[in-house]
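Dear colleague,

I am passing on the structure below, which you have not worked with before. Please look through it first, and then read the notes that follow.

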Amino acid sequence: MKLYSYFRSSAAYRVRIVLNLKHISYDTIPVHLVRHGGEQNSAEYLDVNPQGLVPSLDITPTINAGERELKPQIITQSTAIIEYLEEAFPQPALLPINLIERAYIRTLMQIIACDIHPVNNLRVLHYLEECFDCDKAEKITWYHHWLATGFAAFERLLIENGSTQYCCHKQVTLADVYLIPQVYNALRFNLDMSPYPTINRIYQHCIQIPAFVDAAPEQQPDADI
């Protein structure tokens, strides 16, 4: 497999965690979202992903010399990639068996993937700056507002569920996979995390797990922190 990735992308970070948890080998194809005006905007990458976003996962089977060339099989959107990996490589399972618990995990996932991340990603922040003349402080205020709104709901759900080291029971699930990259970014942008003790506890536990450690931005081959 080939993962088109940017080391700081939280969506790519999620996919890297899942690949690691499932012990799936892959090659990283770096796509720098800032350098050269954003490599995701190049014609070459737009042929891979017409949205010009990362991650993209190329699952095209390897062919031997002389075999007919296969049409590239590329999955885009981190949630679609992760759902494919969960179905294609079911062990270890990252969703509970119980359907209600699965719905709960998906609720937590979507707080991150649908409500926090989309309004805070790089292209949205650039648009605010370019079209609404927002300065750095105003952009950070925007960023913090949506983080705090989402984390407040997330924290309350965790408390109601009795979460301790993980979001659900005593196992890693996709809720943890989505939460950890978002907290990483929140810390990077200096959000006060003290109102979210349960989130903090889960974060501190999960970042000690090798699959999470190896997926972290600073561990990536394209890291330029």
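**Salt bridges and a helix contact**

Glu160 and Arg156 form a salt bridge, with their closest N and O atoms 3.1 Å apart (a salt bridge being a side-chain nitrogen of Lys or Arg within 4 Å of a carboxyl oxygen of Asp or Glu). Because the two residues are four apart in helix α6, Glu160 and Arg156 are separated by about one helical turn; helices (H or I, at least four residues) and strands (E, at least two) are DSSP runs, numbered from the N terminus. Glu160 counts as exposed at 54% relative accessibility, and Arg156 counts as exposed at 58%, where exposed means over 50% relative accessible area, buried under 20% and partly exposed in between (1.4 Å probe, protein chains only).

Before going further, please note that this is a predicted model, in which local features need pLDDT of at least 70 and side-chain atom pairs count only at pLDDT 80 or more, while totals for chains, interfaces and linings use all residues. Residues are numbered from 1 along each chain as its sequence is written, and side-chain values use heavy atoms, with hydrogens and water left out.

The structure holds four salt bridges, and two others besides the one above are described here. In one of them, the side chains of Arg35 and Asp224 meet at 3.1 Å, N to O. This pair links distant parts of the chain, 189 residues apart, with Arg35 in the loop between β2 (27–30) and α2 (43–48) and Asp224 in the segment after α9 (210–215). Arg35 is partly exposed, with a relative accessible area of 39%, and Asp224 is also partly exposed, at 36%.

Glu129 forms a salt bridge with Lys139, the closest N and O atoms being 3.5 Å apart. Here Glu129 lies in helix α5 (residues 122–132) and Lys139 in helix α6 (residues 136–161), 10 residues apart. Glu129 counts as partly exposed at 38% relative accessibility, whereas Lys139 is buried, with a relative accessible area of 17%.

Turning to the helices, α7 (residues 174–188) and α8 (residues 197–206) pack at an angle of about 100 degrees, with their axes 10 Å apart (axes are lines fitted to C-alpha atoms, for helices over the stretch in contact, and angles run from 0 to 180 degrees between N-to-C directions). The two helices α7 and α8 are therefore roughly perpendicular to each other, a term that covers angles of 65 to 115 degrees.

Notes
Parallel < 35°, antiparallel > 145°, perpendicular 65-115°, else oblique.
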